[in-house]
Amino acid sequence: MALRAALRNKCGLIGLLSQQSSCSSHGRVYVSPVLVAQRRNNSTSPKIKVDYDKGTGVAVIHMQSPPVNSLSLDFLTEFCIGVEKLEMDKSCRGVIITSSQPKVFSAGLDIMEMYGKTPERCGEFWKAVQEMWLKLYSSNMVTIAAINGSSPAGGCLMSLACDYRIMADNPRYSIGLNETQLGIVAPFWFKDTMANTVGHRTTELALELGLLYNPSEALKIGLVDQLVPEDQVLPTATQTMTKWLAIPDHARQITKSMMRKPTIDKLTSNREADIHNFVSFITKDSIQKSLRMYLEMLKKRKS
């Protein structure tokens, strides 16, 4: 499969994006107009599975979109609806995100959502990406990424939006924002999210060079918080969740909002311009040519 080839060669899929429908960093998230409109486009094949234990107040979201959990419009829509439902259930206090696919957490944005598509479709896709980021980054729930495989580009962004990241200690896996390898520029809120996590200089080097890090490198720079054996990723996330939930919700939520609100506000206040910039960029002939060459390269590697 072309996507698997991309993952093996550390190219990953694209993970850029920019925009979102408004979402409060305090209080429960409302059902956004974007999601209401996108429900009509949602695939009938479930791309996520949600296991919610009301006894503990913790849900586990299993991403199950073969082969590599690429972030298509259908996937993003279903994922956002799943998170939104949990957010609106006041008994749910924490969410663990992991993958049901072997060797991969998420390979990032689906390149086919950006190649050969109309500006309208590109804009709709961009909104869905932003919906995903804002729902996670501003969530009142404790969010833990149980990274049990490679997580380039958009997969890395999803992980960065969580409160805590636990990764499988397997040197074959990689994580990072590698957009420049494909001739793509990560938007400002990608940059801000990473800089908030690992610092300005490390982010500058990582984004300019499109670096992907193995687990030990990722731990060293603070891109992930903990490494464990592969079969212990989910159990460790479950144990870690109990420590986070021991903190009074209101104190943790207010502190989280205080730390993240400036980044969230920066995106929401520039929402329309950000959508326009993305659509203008991705539909340029030169960018479409670059994406076409990338797809042709993947086909050759497959054959």
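Predicted model: local features only at pLDDT ≥ 70, side-chain atom pairs only at ≥ 80, totals over all residues.
Helix α4 covers residues 119–137 and helix α11 covers residues 271–282. Two packed helices are described by the angle between their axes and the distance between the axes. For α4 and α11, the angle is about 130° and the axes lie 9 Å apart.

Helix α4 contributes Pro119, Cys122, Gly123, Trp126 and Lys127, while helix α11 contributes Asp274, Ile275, Phe278, Val279 and Ile282. Sorted by class, the contact has seven nonpolar residues, two charged residues and one polar residue.

Attention now turns to the strands. Strands of a sheet pair through backbone hydrogen bonds, either parallel or antiparallel. Here, six strands form an open sheet with mixed pairing, in the order β1-β2-β3-β4-β6-β8. At its edges are β1 (48–53) and β8 (226–228), each of which pairs on one side only. On average, neighbouring strands of the sheet are turned by 20° against each other, direction ignored.

Within this order, β4 (residues 142–147) and β6 (residues 164–168) pair in the parallel sense over four bridges. One of the residues to look for is Ile144, whose bridge partner in β6 is Tyr164. Helix α9 (residues 233–245) lies across β2, β3, β4, β6 and β8, and runs at about 160° to β4.

Notes:
Residues numbered from 1 in each chain as written. Heavy atoms only, no water. Axes fitted to C-alpha atoms, helices over the stretch in contact; angles between N-to-C directions. Helix = DSSP H or I, 4+ residues; strand = E, 2+ residues; numbered from the N terminus. Contact = heavy atoms within 4.5 Å. Nonpolar A, V, L, I, M, F, W, Y, C, P; charged D, E, K, R; others polar. Pairing = 2+ DSSP bridges.
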